[in-house]
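Let's take a look at a protein chain together, one residue at a time. Have the sequence and the 3D view open as you read.

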Amino acid sequence: MSSRVCGRVLQRLQTAGSPPAASWSRIRAGSWGCCRVQTGTRSEPRRGLSGSGRSTMNVFNRDMKKRQKNWAATLQDGNQYDYLRDEVGGRVADRVYDIARTFPLALDVGAGKSHIAEHLSSGSDSLQKRRRQSEIPTQCVQADEEFLPFKENTFDLVLSSLSLHWINDLPGALRQIHQVLKPDGVFIGAMVGGETLYELRCSLQLAETEREGGFSPHVSPYTAVTDLGNLLGRAGFNMLTVDVDDVQVHYPGITEVMTDLQGMGESNCAWNRKSLLHRDTILAAAAIYNEMYGNEDGSIPATFEILYLIGWKPHESQAKPAKRGSATASFGDLSKINRPSPRET
């Protein structure tokens, strides 16, 4: 069952007499750090100003997210939770290799343990100490990814892998990335999309509605793929590419899903999150999860929708679309291309 179907089920439950549920909104969000940046914070929910001066809603508790990531970085067995970041980091690196160009200076926004840089070699404080070795010389910078501390036209390449979904002002962050790129520089990123963990979200919502008469958002809101192209265009990028890839991971049960998300530092940090899940609700959610999505071998799937985005900073050397009406051939003539001419027959 998709999240849309789940939404319709919940709507029917509410109209049947359940108290109104908390509303879900898809907000653009993210975080950052071969310069690395650690998350800066704000301590209370309030409205802020984006880079263009527009008012933006502070949806995520950035101080809470910093504590979550720092705690995850101190785990002795923390490497066992890196499988998703390693996989997506490798796929981002593949997109770098697809470009026949050398990038002298690159910025990795939200580098973490060098999940991208380790694939690009020639073959919090605790978070920085656990970064992996790479043949690429790197320098770590701790700053707020919503306020990049770099001058204009600094980097040839900006990368980001699974870090943009915790930013309160994603449009403003993309504008700043565009600003620090040199002309004809490229931004290559990956972030989780709106259908991520729909199985977990739906199971928790149905269980909480049944046991408690309403539900709260336990999975953070994510960006829809339909919004990314517009966001990149508004930030000033051109020659845009956006594609989607679903990564499905199988777990023994719902508690293992939640444990791994916590170990990744990816627990919910929205201001309107509910801090406690009742035991009965968790048991009901586990039963719903198994019934609706369970595999024959007893495992359950968790789907991560990964959105890959590429945008270039404009430069006069880049190819430009031809002027409207300048075509010298008609689409109607395409069917005649392979036909032999009268002289040949």
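## A leucine to start with

Is Leu232 buried or exposed? Keep in mind that this is a predicted model. Leu232 has a relative accessible area of 0%, so it counts as buried.

You'll find Leu232 in helix 7, which covers residues 225-235. Setting aside residues up to four places away in sequence, Leu232 touches Leu174, Phe187, Phe237, Leu240, Val242, Leu309 and Ile310.

The structure has five aromatic pairs. In one of them, the ring centres of Phe187 and Phe237 are 5.9 Å apart and the planes meet at 35°, so this pair is tilted. Phe187 belongs to strand 7, while Phe237 is in the loop between helix 7 and strand 8, 50 residues apart. Both Phe187 and Phe237 are buried.

Now for Tyr198 and Tyr293: this pair is edge-to-face, with 6.0 Å between centres and 80° between planes. Tyr198 is in helix 6 and Tyr293 in helix 9, so the pair ties together parts 95 residues apart in sequence. Tyr293 is buried, at 8% relative accessibility. Ring pairs also join Tyr198, Tyr289 and Tyr293 into a cluster.

## Charges over rings

Which ring does Lys65 lie over? Look at Trp166: Lys65 is over its face, 3.8 Å from the ring centre. Likewise, Arg95 has its charged end over the ring of Tyr308, 3.8 Å from the centre.

## An aspartate in a strand

Asp156 is part of strand 6 (residues 155-161). Its relative accessible area is 15%, so Asp156 is buried. Among its contacts beyond four places in sequence are Phe103, Leu181 and Val186.

Notes: Residues numbered from 1 in each chain as written. Predicted model: local features only at pLDDT ≥ 70, side-chain atom pairs only at ≥ 80, totals over all residues. Heavy atoms only, no water. Helix = DSSP H or I, 4+ residues; strand = E, 2+ residues; numbered from the N terminus. Buried < 20%, exposed > 50% of the residue type's maximum accessible area, 1.4 Å probe, protein only. Contact = heavy atoms within 4.5 Å. Phe/Tyr/Trp six-rings, centres within 6.5 Å; stacked < 30°, edge-to-face > 60°. Lys NZ or Arg CZ within 6 Å of the ring centre and 35° of its normal.
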